[in-house]
Amino acid sequence: MTSRPDGAGSIAVSRAELEEIAARGGALALEHFRGATPERKPDRTLVTSADRAVEALIVGELTARWSGAGIVAEEGTDRKGRGASCFVIDPIDGTAAFVAGLPTWCVCLGLMDAGSPRAGVVHLPCSREFYTAVDGRAWWNGVALGKLGDAAPPVDPFVAVHSKAHRQHPFQRLPKLRSLGSAAYHTVLVARGVARAALLGDVRVWDLAAAGAVLAAVGGVFELLAGGRLELATLLDGRRAPGDVLAGSPAAIAELRTQLAG
């Protein structure tokens, strides 16, 4: 199939297409789950043959459907496209959880236009969950997600934090913490309204693009803990975000900043 433009060089995608591709990647990852041998990359993060195989599968699917699309992916695929659109892939977000046999890893596929996330899917194969967004609308397993703050607050709210956060921040004023091993999963739990906010560490564009589309669709944002909005366009070259990142509604982020101030 050739590329399908939508407007000036952008790409038209549907929720069904994104979820189909993510499901195929997830099925392949499950074939390796609890059996993959990890390696250390130069940045000391883990990688497995499953990460590489899932990335290759997704790249093949994207190339077949949208031949002119740009692609940026965690395990090395970097392909310049013909327009302003760019797919961003994290074949397994939460590889450490994957290696440990924990079920909280996910397959992430985002679509960015002019540096901003426009669509994406975060798929958790072990729990058969899909968090998906397209053009300002978001769904969890096919059920539309409302705007953050519109629904009743969660019965037992928590803040999702990265695994090294306890070494860096005071948590005495936070209600409850959870660290589940995936920045993308933490972010979509915020979008779903289960987590109040998230504190993300050592993140790159492939950790945030797909989940960021879901978060933006419900009125959430990414901000740097040091201050200011995080612009994902600045991370498309693969660099890490400059410090910890907060995910949530503007009100929840302001509250979390106050709590972390001690």
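Visitor: Which residue stands opposite Val 72 in strand 4?

Guide: In this predicted model, Val 72 stands opposite Asp 78 of strand 4.

Visitor: What makes strand 3 and strand 4 a pair?

Guide: Two strands pair if DSSP finds at least two bridges between them. Strand 3 (residues 70–73) is joined to strand 4 by 2 bridges, so the pair qualifies. The two strands run antiparallel.

Visitor: What is the order of the strands in the open sheet?

Guide: The open sheet has 8 strands in the order 4-3-5-6-7-8-9-10, with mixed pairing. Strand 4 (78–79) and strand 10 (143–144) are the edge strands.

Visitor: Why are strand 4 and strand 10 called edge strands?

Guide: Each of strand 4 and strand 10 pairs on one side only.

Visitor: How do you know that Arg 15 and Glu 19 meet in a salt bridge?

Guide: The cut-off is 4 Å between a side-chain nitrogen of Lys or Arg and a carboxyl oxygen of Asp or Glu. For Arg 15 and Glu 19 the N to O distance is 3.8 Å, so the contact counts. Both residues lie in helix 1 (residues 15–32), 4 residues apart, about one turn of the helix.

Visitor: Why does Glu 19 count as buried, and why is Arg 15 called partly exposed?

Guide: Buried means under 20% relative accessible area, and exposed means over 50%. Glu 19 has 14%, so Glu 19 is buried. Arg 15 has 28%, which is in between, so Arg 15 is partly exposed.

Visitor: What does the salt bridge of Asp 135 and Arg 118 tie together?

Guide: The side chains of Asp 135 and Arg 118 meet at 2.9 Å, N to O. Asp 135 lies in the loop between strand 8 (129–134) and strand 9 (137–140), and Arg 118 lies in strand 7 (residues 116–124), so the pair ties together parts that are 17 residues apart in sequence. Arg 118 is buried, because its relative accessible area is 15%. Asp 135, with 47%, is partly exposed.

Visitor: What makes Glu 223 and Arg 229 a salt bridge?

Guide: The closest N and O atoms of Glu 223 and Arg 229 are 3.9 Å apart. The limit is 4 Å, so the pair counts as a salt bridge. Glu 223 is buried at 15% relative accessibility.

Visitor: Why does Arg 44 count as exposed?

Guide: Arg 44 has 54% relative accessibility, and exposed means over 50%, so Arg 44 is exposed. Arg 44 lies in the loop between strand 1 (39–40) and strand 2 (46–47). With Arg 40, Lys 164 and Arg 167, Arg 44 forms a positive surface patch.

Technical notes: Residues numbered from 1 in each chain as written. Predicted model: local features only at pLDDT ≥ 70, side-chain atom pairs only at ≥ 80, totals over all residues. Heavy atoms only, no water. Patch = residues over 30% accessible without salt bridge, like charges linked within 9 Å, V, L, I, M, F, W, Y side chains within 5 Å. Areas by Shrake-Rupley, 256 points an atom, 1.4 Å probe, with all protein chains shown as cover. Lys, Arg positive; Asp, Glu negative; His and termini not counted. Charge placed at Lys NZ, Arg CZ, Asp CG, Glu CD. Buried < 20%, exposed > 50% of the residue type's maximum accessible area, 1.4 Å probe, protein only.
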